[in-house]
Amino acid sequence: MKKYIIRTVKILSLLLAILIAVGVLQEFVLAHTDHNRQRVKGFYLEDKDSLDVVFVGASETYADFSACYAYEKYGITSYPLASQSSTILNYKAQIQTAIKNQHPKLILCELNGAIYGSDVQLDNDANFRNFFDNTPLDEIKVEGINTYIDSGVATIDEYGEVFEYYNPIVKYHNIWNDWPKWLHWSKGTIDSQFRGYSLLKGAKNKTLIFTTENKIYNDELPKLTKTSTISDNCEKYLRELLDWLKEENINNVVFTRFPHIVDKTTLERYYRNNYTRKILDEYNVDYLDFERDCSKLPLDLKRDFYNLDHLNVYGQKKFTEYICEYMMKNYGITAADLTDKQKAEWDESVKYYEAYYDYNVDMIKQGKSKEIGESDDQIKKIEAYIK
């Protein structure tokens, strides 16, 4: 009998070791480790119920707004629970995750992912995975995957493909040859896990000043009332999201459109934004349209953007100030009440953000185009700017 007990213990120990090894590989090695992973993972490191504001959406949220600077200047604690090219198919899960982990006073949902004229972006598997590959296996993830599979935009033919969404290691098990290029992001993610918090709170930007020879329509946008329809699926899932918020009596979600430069190449998208605004009006929900009202913001269109859709650090600081003061005035957001430990962590993030800002400015002045985030190699360069 003793012999069988020992054998059983050995087998169970081996299985446990395999599970642990697979877990470590899936978390840090055989994974698409990039800024999306680090940002989403960083959200789960924040102390429960320590964030007053959570931003959900796509790249506008982490390029245009700095949680570190919002804390430095106003004492507001916030985080961009966002991923690159996130679509309307991700938004409910992002909001559910924000509520489950933080119960924030305010959730700002940037609606870029709902105003597509076709399903091309919804059908892009990467846009779904950028968020869901990096979340824990819970009821939110299961519902999100099921919604994606049932949407009709995802092309899934076999059970094995579905299994990949629950266990990304199946998708990325052959990433060994490409892994060295993800090394710095993987190292940055590991550092955040051991530190217990994200240094830059998900911020990522590019060191450019955008210029264009095209006519810019921003001053005229309030008068341009033409509408163009969004895709049927975008409208369907936006309405389902709005219906769900109403049914669940969730009243702290405010929809927003962050500032963009609108020229002839993006004018049609602006007309789709007008159409989306009418849908939101039907539901009587707040919509802060900073794109339409961009000319009223303290932004310099010739200096504060790094492309048509994103602010550089000059614009990021200005917009962070503007939206923080707007939230304080209109939604009663105040400085957070933190423990000494939490204050020390946020103060450390402020120190790194100030250096991050100086590094960005230095690269812009030198004419060097770089994407700067919280990868290990970038953090080392940022540290050289810490005063």
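This is a predicted model: local features need pLDDT of at least 70, side-chain atom pairs count only at pLDDT 80 or more; totals for chains, interfaces and linings use all residues.
Residues are numbered from 1 along each chain as its sequence is written, and side-chain values use heavy atoms, with hydrogens and water left out.

The protein has 15 helices and seven strands; helices (H or I, at least four residues) and strands (E, at least two) are DSSP runs, numbered from the N terminus. Of the 387 residues in the protein, 53% are buried. Here buried means under 20% relative accessible area, exposed means over 50%, and partly exposed lies in between (1.4 Å probe, protein chains only). The accessible surface of the protein is about 17,600 Å², and carbon and sulfur atoms account for 52% of this surface. Accessible areas come from the Shrake-Rupley method with a 1.4 Å probe, and for residues only the protein chains shown count as cover. Contact means heavy atoms within 4.5 Å. Among contacts between residues at least 6 apart in sequence, 82% join residues at least 24 apart.

Axes are lines fitted to C-alpha atoms, for helices over the stretch in contact, and angles run from 0 to 180 degrees between N-to-C directions. Angles under 35 degrees count as roughly parallel, over 145 as roughly antiparallel, 65 to 115 as roughly perpendicular and the rest as oblique. A crossing is left-handed if the near helix is turned anticlockwise from the far one by less than a right angle, and right-handed if clockwise. For the classes of contact residues, Ala, Val, Leu, Ile, Met, Phe, Trp, Tyr, Cys and Pro count as nonpolar, Asp, Glu, Lys and Arg as charged, and the others, Gly among them, as polar.

Helix α5 (residues 88-102) and helix α11 have axes that come within 8 Å and cross at roughly 20 degrees. The two helices α5 and α11 are therefore roughly parallel to each other, and their crossing is right-handed. On the α5 side, Ile-88, Leu-89, Tyr-91, Lys-92, Ile-95 and Gln-96 meet Cys-234, Tyr-237, Leu-238, Leu-241, Trp-244 and Leu-245 of α11. This contact of α5 with α11 comprises 10 nonpolar residues, one polar and one charged.

Helix α11 (residues 232-247) also packs with helix α12 (residues 267-282), at an angle of about 25 degrees and with the axes 11 Å apart. Helices α11 and α12 are therefore roughly parallel to each other, with a right-handed crossing. From α11 the contact takes in Glu-235, Leu-238, Arg-239 and Leu-242, and from α12 it takes in Tyr-275, Thr-276, Ile-279, Leu-280 and Glu-282. By class, five residues of the contact of α11 with α12 are nonpolar, one is polar and three are charged.

The crossing of α4 and α13 is right-handed. Tyr-69, Ala-70, Lys-73 and Tyr-74 of α4 make the contact with Lys-317, Thr-320, Glu-321, Cys-324, Glu-325 and Met-328 of α13. The contact of α4 with α13 holds five nonpolar, one polar and four charged residues.

Individual residues were also considered. His-35 is part of helix α2 (residues 35-45) and is buried, with a relative accessible area of 10%. Apart from neighbours within four places in sequence, His-35 is in contact with Tyr-62, Gln-84, Trp-185 and Lys-204. His-35 and Trp-185 are 150 residues apart in sequence, and their C-alpha atoms are 6.8 Å apart in space. Glu-383 lies in helix α15 (residues 376-383) and is partly exposed, at 37% relative accessibility. Between Glu-383 and Tyr-352, 31 residues apart in sequence, the distance from C-alpha to C-alpha is 7.2 Å.

Asn-249 is in the loop between α11 and β5 (253-257) and is exposed, with a relative accessible area of 56%. Asn-284 is in the loop between α12 and β6 (287-289) and is exposed, with a relative accessible area of 69%.
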